[in-house]
Amino acid sequence: MVDASGGIPYRVRVSRRARRLQIQITVHGEVEVVLPQGMPACVVPEFVARHRDWIARTRARQMAACPRQACEPALPHEIRFPAIGARWQVQYRWGCGSGVEERPATTGSGELVVFAGTEADARRRLQDWLGRQGRRHLTPWLQAVAGELGMHYHRVSVRAQRSRWGSYSARGTVSLNRALLFLEPDLVRHLFVHELCHSVHLNHSPQFWALVRRFSPDYRRLEQALDRAVPTIPHWALP
Ligand SMILES: [Zn+2]
């Protein structure tokens, strides 16, 4: 991304096939200028500035239609984990190292500095960090709920999953989606109850639901809320 005259950030893609200068808006609302090969790049800033109104209109239309990716920036500037009441402001440092630094490192909220070479690299670093956060917070929480219910599991695995919040295997492994951090605490607890009840009934029989109800009386509403929350996982956090 570079800064155009007119203040609209854009990037340039040189194309062998294009015959004229074009502007395209990506699904993330970014402006991409298609420059025919051989045409001098110095014509671009003025071209972008001249199409300022068209760019604004097209972006507004995308936002209104709102496939979620269009409304969401590719990389977040703020990350909230309602599950644990944490909130991070995110800054990016381009081209100097690779990694994620928490400032201050002790409070579990604050400022996150992402060091990366490219947007794709930054997203990978953030995803790795999300996985570490998931293991750090969800693992002891599951253990606490298991203790409260008097139930046992063999091991826990915190993973990146697109469409399920958790699962329980016949070997006693509870798999948890690291994106549970984006949910409200009562939903996370209910998911834990659901998976732990599978340590008694390895199915969704009436006996299983009766057991779930004992620990999570409002389970019907919570199950529906979990289903509805799947599409709310931020785009950057999806594997
Ligand atoms: Zn289940």
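How much space lies in the second largest pocket? About 210 Å³. Keep in mind as you look around that this is a predicted model.

**Stop 1: the pocket.** Select Gly166, Leu191, His194, Glu195 and Glu223: out of the 15 residues lining the second largest pocket, these lie nearest its centre. Now color the elements that give two or more residues to this lining: strand S10 (166-168), helix H5 (185-197) and helix H7 (219-229). Which one gives the most? That's H5, with 4 residues. Sorted by class, the pocket lining has 4 nonpolar, 7 polar and 4 charged residues.

Leave H5 colored, and let's visit some helices that pack against it.

**Stop 2: H5 and H7.** Show H7 next to H5. Their axes come within 10 Å and cross at roughly 105 degrees, so H5 is roughly perpendicular to H7. To see where they touch, pick Asp186, Leu187, His190, Leu191 and His194 on the H5 side, then Tyr219, Arg221, Leu222, Glu223, Ala225 and Leu226 on the H7 side. This contact has 6 nonpolar, 2 polar and 3 charged residues.

**Stop 3: H5 and H6.** Next, select helix H6, residues 206-215. At what angle do the axes of H5 and H6 cross? Roughly 140 degrees, and they come within 9 Å. The two helices are therefore oblique to each other, and their crossing is right-handed. Show side chains for Arg189, His190, Val193, His194 and Cys197 of H5, plus Phe208, Trp209, Leu211, Val212 and Phe215 of H6, and you have the contact. Its makeup is 7 nonpolar, 2 polar and 1 charged residues.

**Stop 4: H4 and H5.** Finally, bring up helix H4, residues 119-149. It packs against H5 at an angle of about 60 degrees, with the axes 10 Å apart, which means H4 is oblique to H5. This crossing is right-handed. What classes of residue do you find here? There are 11 nonpolar, no polar and 2 charged ones.

Terms used:
Residues numbered from 1 in each chain as written. Predicted model: local features only at pLDDT ≥ 70, side-chain atom pairs only at ≥ 80, totals over all residues. Heavy atoms only, no water. 1 Å grid on protein atoms, 1.4 Å probe; cavity = no way out; pocket = protein on both sides within 12 Å on 5 of 7 lines; lining within 4 Å. Points joined across faces, edges and corners; volume = space filled by probe spheres on them. Nonpolar A, V, L, I, M, F, W, Y, C, P; charged D, E, K, R; others polar. Axes fitted to C-alpha atoms, helices over the stretch in contact; angles between N-to-C directions. Parallel < 35°, antiparallel > 145°, perpendicular 65-115°, else oblique. Left-handed = near helix turned anticlockwise from the far one by under 90°. Contact = heavy atoms within 4.5 Å.
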